[in-house]
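Colleague: I have a model open and want to read it feature by feature. Can you walk me through it?

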Amino acid sequence: MIQVENLHKHFGGFHAVDGATLHIAEKSITGLIGPNGAGKTTLFNVIAGVLKPTSGKVLMAGEDITGLEPHELFDKGLLRTFQIAHEFASMTVRENLMMVPPGQSGENLWSTWFHRARIAQEEATLRRKADEVLEFLTIDHIADEKAGNISGGQKKLLELGRTMMTDARIVFLDEVGAGVNRTLLNTIADAIVRLNQERGYTFVVIEHDMDFIGRICDPVICMAEGKVLAEGSLDEIKANEQVIEAYLGTGLKNKVTAGAGA
Ligand SMILES: Nc1ncnc2c1ncn2[C@@H]1O[C@H](COP(=O)(O)OP(=O)(O)OP(=O)(O)O)[C@@H](O)[C@H]1O
């Protein structure tokens with residue numbers, strides 16, 4: 001579905017992404033792992049239009065989407081989640097969802113917000129959809145909470161919920177598990193798997209928690225120093241000498257060589 005060909009992203013003389021080539025299969029939940037500084041987030045940001053590549057290509061279903069703006073990619077169903085913006089913290093969880101009507105690009109959110117007549121017209125439909133999303137994610141009990149007051153894990157679920165208000169087909173999730181308790185992490189994992197199986201979402205997930213990766217991701221792609229080192233099941237990745245070498249000395253070695261996915 002997404003083909004990345006010899007992608008480079010340089011910051012001055014520093015090659016954060018240094019010739020990455022990879023394929024993300026349609027309807028997969030692809031895990032992207034690698035030691036700190038491997039270039040995972042930079043790669044995400046280039047694919048999702050947040051950063052322009054230095055060189056290389058990104059294709060989506062054969063179409064060249066290299067360097068498109070995030071709102072153009074959004075219209076094609078490709079988006080990466082972002083933390084709930086500061087401005088939305090004082091709105092309720094349900095209102096945060098209702099701010100993201102299908103086919104509505106991020107750039108237009110504010111203009112929509114100011115055109116309250118249009119909001120009013122669509123409100124009933126949006127509210128119903130938002131409530132369905134909250135129920136799907138099992139966070140309907142916090143619908144009326146201010147988004148700024150909910151826990152880190154609930155915020156992650158809300159980020160996921162925002163994608164469900166759109167016509168998303170492929171969603172990039174960066175470090176979903178950071179600072180999230182185990183129970184909510186399980187809820188997030190379940191939601192990702194259900195969205196994948198029941199609604200045909202494709203996911204690309206960056207995560208350092210190998211249990212989480214092992215539980216939901218196949219295949220797993222390992223990056224190091226801006227390049228793709230290996231791709232396969234987590235067990236295959238864990239047995240790969242180059243991968244083990246890349247993790248040596250990072251403190252993550254034990255995480256990649258033990259436990260997860262086994
Ligand atoms: N805007 C920037 N300017 C200069 N260097 C940058 C910039 N963004 C990222 N880098 C550098 O590029 C390298 C790759 O960073 P990136 O965040 O993509 O890695 P990562 O694999 O996501 O790491 P982590 O797992 O720690 O989040 C790092 O050395 C980082 O310092």
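Modeller: Start with the inventory: the protein chain has 11 helices and 10 strands. Helices (H or I, at least four residues) and strands (E, at least two) are DSSP runs, numbered from the N terminus. This is a predicted model: local features need pLDDT of at least 70, side-chain atom pairs count only at pLDDT 80 or more, and totals for chains, interfaces and linings use all residues. Residues are numbered from 1 along each chain as its sequence is written.

Colleague: What percentage of the 262 residues in the protein chain is buried?

Modeller: A residue is buried if 20 or more other C-beta atoms lie within 10 Å of its own, exposed if 12 or fewer, and partly exposed in between; C-beta atoms are placed from the backbone. Here, buried residues make up 41% of the 262.

Colleague: Which residues of β7 are buried on each side?

Modeller: I170, F172 and D174 are buried on one side, V171 and L173 on the other. That is 5 of the 5 residues of β7 (170-174), so the strand is largely enclosed by the rest of the structure.

Colleague: Which strands pair with β7?

Modeller: Two strands pair if DSSP finds at least two bridges between them. Strand β6 (78-80) pairs with β7 in the parallel sense over 3 bridges. L78 has I170 as its bridge partner in β7. Strand β8 (202-206) runs parallel to β7, joined by 5 bridges. There, T202 is the bridge partner of I170.

Colleague: How should I read the span of helix α6?

Modeller: The expected span is 1.5 Å times one less than the number of residues. Helix α6 (152-164) has 13 residues and reaches 19 Å from first C-alpha to last, close to the 18 Å expected. 12 of its 13 residues are buried, so α6 is largely enclosed by the rest of the structure. Among them are L157, L158 and L160.

Colleague: How is the chain divided into domains?

Modeller: Domain bounds come from an automatic or database domain assignment. It gives domain 1 (1-77 + 169-262) and domain 2 (86-166). Two residues are in contact if their C-beta atoms, placed from the backbone, lie within 7 Å. By that test, 14 residues of domain 1 are in contact with 13 of domain 2. Helix α7 gives the most to the domain 1 side, with 5 residues.

Colleague: Which residues are around the ligand?

Modeller: A residue is near a molecule if its C-beta atom, placed from the backbone, lies within 6 Å of it. The residues around the ligand include F11, F14, N36, K40 and T41. Helix α1 gives the most to this shell, with 3 residues.
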